[in-house]
Amino acid sequence: MPALTGRNAVNGPAWNPVSGITGWDPATGPPGWGPVVPDETRPQQLPPRMPMDPGVRGLSPFGLPARHSWEIPLLVIVVVLTVFAYPYAVYAVVRGTDNLYLSILAFAPILVWFLRGSQWGMARVQGVKISPTQFPDAYRMVQEAATRFGMKHAPDAYVVLGNGQLNAFAAGHGFRRFVVVNSDLFEIGGAARQPEAMAFVIGHEVGHIAAGHTSYWRQFGTILMQFIPVLGPALSRAQEYTADNHGYSYCFTGASGAMTTLSAGKYLGVLVGFDEMADRAITETGFFVWLTNLQASHPVNTWRMWALRDRSRHGKLFLRPAPPAT
């Protein structure tokens, strides 16, 4: 993989457009990191080569990750609805309403703050903090992904007991941002079960933070997502596609392993044909297929795999994918 050191005939000294650091070599990481010697137990996880133009955004792994094309329009609609609904909910509570949903909305600022703080507390006292000495490969991935996305600070990250569930999430409280990864993504001994798949998952979760999905005001402004049919789940799916773009940008080679594992589990995932499952996105038709996706908070697996394979367009939110025109 080409390093970004040396001189470029046009731009002079090679420059990392994400971090703004001149001469940063992905083989060693940002300044202050020691070199990593790749071997069978510590595979090297490197961001793909950066574009020379820092303004490039898109669906390719060689640019900065793009936001899904539907995310901002849907976000504006949901926030506008919240702006109008919240004062009415407060007024209704003051007048003594017994409507549960209006009461939840009226106390949303406190509820959102409390739930975010509870997640932060749980991670700190129940989770194992990922560090250079605890799960060092995962620590490096978090640091690399944050640098890849131009973040000023890498989020904290924790491992929690998975009890067989493959999951990870990103959250925040105050100015803190953090990622939680279930233990089932690791092998006994702390190495990643599938290093590239884990890199994609971590890039996805750090991507949620980089895209602003974990901010307090974002979560308060979109609290109606839980109650608005069609639009609420669609916004959630758009955010997931955005996070997938970040995961793909950081480690595109891990996309297939991550999706097959999430589809069939940590043991059978290696037996799943990614392309075979992605192909079914255009062959599985019918009302209930459409309805299942319409109600889902995450893109359905076949559509999501298709989107990760076809990088010529954004993932579909409402209608199933169509093959590219020939």
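**Note on loops, helix packing and nonpolar cores**

1. Leaving out residues up to four places away in sequence, Ser131 touches Pro136 and Tyr139, where contact means heavy atoms within 4.5 Å. Ser131 lies in the loop between strand E5 (128-129) and helix H4 (136-148). Helices (H or I, at least four residues) and strands (E, at least two) are DSSP runs, numbered from the N terminus. Ser131 counts as buried because its relative accessibility is 15%; buried means under 20% relative accessible area, exposed over 50%, and partly exposed in between (1.4 Å probe, protein chains only).

2. The model is predicted, with local features requiring pLDDT of at least 70 and side-chain atom pairs counted only at pLDDT 80 or more, whereas totals for chains, interfaces and linings use all residues. Residues are numbered from 1 along each chain as its sequence is written, and side-chain values use heavy atoms, with hydrogens and water left out.

3. On the overall fold, the protein has 11 helices and eight strands. Of its 326 residues, 46% count as buried. Among contacts between residues at least 6 apart in sequence, 67% join residues at least 24 apart.

4. Phe135 is in the loop between E5 and H4, and its phi is positive, about 55°, although it is not a glycine. Val230, in the loop between helix H6 (216-221) and H7, also is not a glycine and has a positive phi of about 70°. Most residues other than glycine have a negative phi. Val230 counts as partly exposed, because its relative accessibility is 35%.

5. How do helices H5 and H7 cross? The axes of H5 (residues 195-210) and H7 (residues 231-251) come within 7 Å and cross at roughly 130°. H5 is therefore oblique to H7. Axes here are lines fitted to C-alpha atoms, for helices over the stretch in contact, with angles running from 0 to 180 degrees between N-to-C directions. Angles under 35 degrees count as roughly parallel, over 145 as roughly antiparallel, 65 to 115 as roughly perpendicular, and the rest as oblique. The crossing of H5 and H7 is right-handed, that is, the near helix is turned clockwise from the far one by less than a right angle.

6. The H5 side of this contact includes Glu196, Phe200, His204 and His208, and the H7 side includes Gln239, Asp244, Tyr248 and Cys251. By class, the contact of H5 with H7 has seven nonpolar, seven polar and three charged residues. Ala, Val, Leu, Ile, Met, Phe, Trp, Tyr, Cys and Pro count as nonpolar, Asp, Glu, Lys and Arg as charged, and the others, Gly among them, as polar.

7. The largest nonpolar core has 37 residues, and Met198 and Val206 have the most contacts inside it. The largest share of this core, eight residues, comes from H5. Such a core is a set of buried Ala, Val, Leu, Ile, Met, Phe, Trp, Tyr and Cys residues joined through side-chain atoms within 4.5 Å. Not counting residues up to four places away in sequence, the residues that Val206 touches include Val142, Phe149, Met151 and Val179. Apart from this core lies another, of 26 residues, among them Leu74, Ala106, Leu224 and Ala238.

8. Ala296 sits in the loop between helix H10 (287-295) and helix H11 (301-309). With a relative accessible area of 16%, Ala296 is buried. Leaving aside neighbours within four places in sequence, Ala296 is in contact with Pro233 and Arg237. The C-alpha atoms of Ala296 and Arg237 are separated by 7.4 Å, although the two are 59 residues apart along the chain.
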